[in-house]
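Morning, everyone. Please bring up the structure on your screens, and I'll walk you through it.

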Amino acid sequence: MHDPDEPAGLGRRAFLRGTAAATGALAAAGVATAQAQAPAPEAKPAGGGGGEKRPKLIPRPGSDFMVDVIKSLDVDYIAANPGSSFRSLHESIVNYGGNRKPELITCLHEETSVAIAHGYAKAAGKPMAVMVHGTVGLQHASMAVYNAWCDRVPVLMFAGNGLDAAKRRPGTEWYHSVQDAAAMVRDYTKWDDQPMSLQHFAESAVRASRIANTAPRAPVLVMADMELQESPIPHEQSLKIPALSPAVPAQADSQALAEAARMLVQASAPVIIVERTARDQEGVRRLVKFAEALNAPVIDLGARMNFPNTHYLNQTDLRGELVRSADVVLMLDVADPWGQLNTVTDPFHEYRRTAKEDVKTITLSFGDVIKSNYQDFQRFQPVTLSISGDTQSSLPEFTELVQRATDPARRAALAQRSDKLRADFQRMVQRARNDAAVGWDAAPVTTARLAAETYEAIKAEPWSLVVSDRIPWARRLWPTTEFHQMLGGSGGAGVGYSLPGAVGAALANKAKGLLSVTFQPDGDALYAPGALWTAAHHKIPLLMVMHNNRGYYQEVMHLQRMASLHGRRTDNALVGNEIDRPAIDFAKLAQAHGVWAEGPVTDPKALGGAIRRALAVVKSGAPALVDVVCQAR
């Protein structure tokens, strides 16, 4: 209610009177100036150069044909933050295409769009499409593109652009156009093209889809020229959409696999290290069969769920002692072979060998299919036998060759490892439980209890931890047997993936009837919180359990290390690294974006009830968030 003692707002009549008076005063003073500065009559365009007339109605624009092409690629969704450089394609998707296959997923930032597609592809086993807007949109998207590149995940990107300068509207369209748009991301995309005709677009889009899906998988980019989108389709009867025929995965050389099998069978202490080995449950099954044929321990680095952590051969937590004693190490799709056998200390940067000097090493991957600028290929590691090929496709023959190389006497010797391996496995499991129990009732909540309480709430559900690298306790404590249960992390360690990546994976899991859950770091959530709105708007069920430690604590530890190295105070490490004073209320942040939320939870005894309430919301088909104030690690 208006306070009568307060002056009323500016009235309409007073506003108009003031405007008229000011206008009259300015008009008289400006007549002479205006006459002096009057421009010459505008010249009319002659010939081409943007002067040609276009029809007033274009019932069948080029963007309709582009939608036909995209529909042929078996794409269910296309994510986008709206932009004028693909306005015609956007309109064709929702009207001509009926907003079905692909359905538009509305995002509030291009980095969110690509990260959603990244998470979706890992859960769905096929790529999702993305539209990005000209120069600025591709720049926004670039961090997420790099994450997907490092994670070897296919993303099918279409970017609007105006190549013909004579057709650009003045001002903004010039800022948003570029001669070679793909140059911005070419170092971390697998392939790109700038089609100059609709037939060219059809062939390039189909080619891009096949290239993205062929190992090593990675993002691809096809430009969608504005003029091609918005102009009428010329000679439509002559246009053809090529059939999409997926490439058969490249199997490794049989002779090389046979040599590797002989080395492994004869080894006294072989170790298998895996990272991005499986791409589905069949890959997990094949890897288990292979490891059992050798009766050799497996270290799963966790970029995918490669090997069940309930199997006695999964001895990931014993990695250090296993590598130190190994005489043969087999690395399957491992991004950093050097880092498995060596290290550089922090902060003194001293080299240390972590494996035997004479250990024999075998790699099977596409690790030599690389680019040179960005250093995601890691330090060079000389190996005994380097095999190029698709691991999952090569495993059946590899397993058969191991079995052939194992005579009865050797088979008996391999079997003798079982007792020690089973005992070591039980020791590892018990140690994880003991470690997790430390500080059980502490406040803030320990991350171990956060993981344990979450699992207690969801264990009866067909769960999927859609971003599985944020809290290591889940991988240590949760019984994991299915590929979909742990989908890895960002790939490139780029902060900002976890929230939109989880939303994308949850979108794919929705069709499978899986319960999607994620541990969401506070700092990561603040990079692109608009992904919360996307989850709410599209009714994507996702249980988000916040790991809210109110700071960038990895950086806190870096500063503490540097301060110790420099002989200075370590208690200033929070400066520039805390997300506190004021503390961010993530429950209110989620609610503001339309997501059910509760918190902050500070009492560990209240945690289970809060998670169960959120779970009920997720099971009804909506996203939910529980804000939990946690310890740093």
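One term before anything else. A residue counts as buried under 20% relative accessible area, as exposed over 50%, and as partly exposed in between. Take Glu 578: its relative accessible area is 26%, so Glu 578 is partly exposed. Keep those cut-offs in mind. And please remember that this is a predicted model.

Now the overall picture. The chain has 633 residues, and 50% of them count as buried. The secondary structure comes to 23 helices and 18 strands. Along the principal axes, the C-alpha atoms fill a box of roughly 105 × 75 × 55 Å.

Let's stay with Glu 578 for a moment. Glu 578 forms a salt bridge with Arg 581, and their closest N and O atoms are 2.2 Å apart. Arg 581 itself counts as exposed, at 68% relative accessibility. Salt bridges that share partners also build a network, joining Lys 122, Asp 151, Glu 275, Arg 276 and Arg 304.

Arg 581 comes up again in the backbone. The peptide bond from Arg 581 to Pro 582 is cis, with omega near 10 degrees. Pro 582 sits in the loop between H21 and helix H22, which spans 586–592. There is another cis bond to look at. It runs from Asp 346 to Pro 347, with omega near 15 degrees. Why point these out? Because most peptide bonds are trans, and most residues other than glycine have a negative phi.

That brings me to phi. Where is Pro 347? In the loop between strand S10, 342–344, and strand S11, 351–353. His 349 lies in the loop between S10 and S11 too. His 349 is not a glycine, yet its phi is positive, at about 55 degrees. Is His 349 buried or exposed? Exposed, at 63% relative accessibility.

Lys 101 is another non-glycine residue with a positive phi, here about 40 degrees. Look for Lys 101 in the loop between helix H3, 87–96, and strand S2, 103–106. Its relative accessible area is 40%, so Lys 101 is partly exposed.

Next, the surface. Phe 348, Met 562 and Leu 565 form a nonpolar patch there. Together they have about 280 Å² of accessible area. Met 562 belongs to helix H21, residues 553–565. With a relative accessible area of 32%, Met 562 is partly exposed.

Back to salt bridges. How many are there in the count? The count comes to 37 salt bridges. One of them pairs Asp 76 with Lys 126, the closest N and O atoms being 2.8 Å apart. Asp 76 is in the loop between helix H2, 62–71, and strand S1, 77–80. Lys 126 is in the loop between helix H4, 110–124, and strand S3, 129–133. So this pair ties together parts that are 50 residues apart in sequence.

Asp 424 and Arg 427 form a salt bridge, with the closest N and O atoms 3.3 Å apart. Both lie in helix H15, residues 418–437. They are 3 residues apart, about one turn of the helix. Asp 424 counts as buried, at 11% relative accessibility. Arg 427, in turn, is partly exposed, with a relative accessible area of 39%.

H13 covers residues 391–405, and H9 covers residues 254–266. Their axes come within 9 Å and cross at roughly 50 degrees. H9 and H13 are therefore oblique to each other. That crossing is right-handed.

Then there is helix H10, residues 281–294. The axes of H10 and H13 come within 9 Å and cross at roughly 20 degrees. That makes H10 roughly parallel to H13. Which way does the crossing of H10 and H13 go, left-handed or right-handed? Left-handed.

Last stop: Gly 162. You will find Gly 162 in the loop between strand S4, 156–161, and helix H6, 172–175. At 6% relative accessibility, Gly 162 counts as buried. Gly 162 and Phe 366 are 204 residues apart along the chain, and their C-alpha atoms are separated by 36 Å.

That's the tour. Over to you.

Definitions and conventions. Residues numbered from 1 in each chain as written. Predicted model: local features only at pLDDT ≥ 70, side-chain atom pairs only at ≥ 80, totals over all residues. Heavy atoms only, no water. Patch = residues over 30% accessible without salt bridge, like charges linked within 9 Å, V, L, I, M, F, W, Y side chains within 5 Å. Areas by Shrake-Rupley, 256 points an atom, 1.4 Å probe, with all protein chains shown as cover. Salt bridge = Lys/Arg side-chain N within 4 Å of Asp/Glu carboxyl O. Helix = DSSP H or I, 4+ residues; strand = E, 2+ residues; numbered from the N terminus. Buried < 20%, exposed > 50% of the residue type's maximum accessible area, 1.4 Å probe, protein only. Axes fitted to C-alpha atoms, helices over the stretch in contact; angles between N-to-C directions. Parallel < 35°, antiparallel > 145°, perpendicular 65-115°, else oblique. Left-handed = near helix turned anticlockwise from the far one by under 90°.
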